[in-house]
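Thanks for making time this morning.

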Amino acid sequence: VPPAPKLSVANNMMLALNGDVSTKVRALAAQNVAFRQLSLFRVEGSKRTKLSDAEWRSDEQALPRLPPGRYEVQARAIDRFGVESMTSEPLTLRVIGAQLPEGARLANDSILLGRSGRVKLIGTDGLEASYGRANVFIPVPKDVGLARGESTLLRLREPGGKQELGIKLEPRTIKADVEIGPKSARWPGEPLQV
């Protein structure tokens, strides 16, 4: 009987601020495995809904694009005689999304907020949060904002886990480059230099 696959992903927590995200699942190479059957589930509280089944023959399989939420992936190995392994341990994936307040926007994986803007995070049920370099983690609040109007790094993790996902919150500012100099005479039609 082939051994149950050992599954892994590059990151168990992914940020999907623009809607959804894709990732690949890897299985530890094993002898006498003809292919693997992969099952993807969406987990909401105690409810577990199967989203898809896929058959894959290499050691890596791309998952469909995932919207914010919690997911589990399990697999079985099948040898060339059709003998199936036990089902693997579930691999948990988190896709974190956000509902932005009016006037907020995304820029280079940062959320730009006004001083009093609050972001509602999606897919964070059961996670812990911390700010900046703090070592204390608390349950993720229902919404987050800037700390005293300054740039803020929100860090998320599974309770007691080591892998973290950072979300940068930046103040929304307007900047202008202006040069002031002596007034000069110019001819009509000549561009104005400021």
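This is a predicted model: local features need pLDDT of at least 70, side-chain atom pairs count only at pLDDT 80 or more; totals for chains, interfaces and linings use all residues.

Leaving aside its neighbours within four places in sequence, Arg94 is in contact, meaning heavy atoms within 4.5 Å, with Asn12, Met13, Met14, Gly69, Arg70, Gly123, Thr124, Asp125, Gly126, Leu127 and Glu158. Residues are numbered from 1 along each chain as its sequence is written, and side-chain values use heavy atoms, with hydrogens and water left out.

Arg94 sits in strand β8, where helices (H or I, at least four residues) and strands (E, at least two) are DSSP runs numbered from the N terminus. Is Arg94 buried or exposed? Arg94 counts as buried because its relative accessibility is 4%, and the cut-offs here are under 20% relative accessible area for buried, over 50% for exposed, and partly exposed in between, with a 1.4 Å probe and protein chains only. Its side chain reaches the backbone oxygen of Asp125 at 2.8 Å, which brings in the polar contact, a pair of N or O atoms within 3.5 Å where, within protein, one must be able to donate a hydrogen and the other to accept it, and where residues adjacent in sequence count only if both atoms are side-chain atoms.

Strands β4 (35-44) and β7 (69-78) each supply at least two of the lining residues, and β4 gives the largest share, 3 residues.

Let me turn to another arginine, Arg155, which is found in strand β15. Arg155 is buried, since its relative accessible area is 11%. Its side chain reaches the backbone oxygen of Gly132 at 2.6 Å, and a polar contact of 2.7 Å joins it to the side chain of Glu164.

Next comes the nonpolar interior. In soluble globular proteins, nonpolar side chains tend to be buried together. A nonpolar core here is a set of buried Ala, Val, Leu, Ile, Met, Phe, Trp, Tyr and Cys residues joined through side-chain atoms within 4.5 Å. The largest such core has 19 residues, and those with the most contacts inside it are Ile111, Leu121 and Ile167. Two or more residues each come from β8 (91-99), β10 (110-113), β11 (119-122), β15 (152-157) and β16 (164-171), with β16 giving the largest share, 3 residues. Apart from this core lies another, of 18 residues, among them Met14, Ala75, Leu91 and Leu93.

Some loops deserve a look as well. Arg118 is placed in the loop between β10 and β11, and it counts as partly exposed because its relative accessibility is 42%. Its side chain reaches the backbone oxygen of Asp143 at 3.1 Å, and although Arg118 and Val144 are 26 residues apart along the chain, their C-alpha atoms are separated by 5.2 Å. Asn11, in the loop between β1 (7-8) and β2 (13-15), has a side chain joined to that of Gln163 by a polar contact of 3.3 Å.

Finally, a point about backbone angles. Most residues other than glycine have a negative phi. Asn32, in the loop between β3 (24-27) and β4, has a positive phi of about 60° although it is not a glycine, and it counts as exposed, its relative accessibility being 64%. Arg148, in the loop between β14 (143-144) and β15, likewise has a positive phi, near 55°, and at 76% relative accessibility Arg148 counts as exposed.
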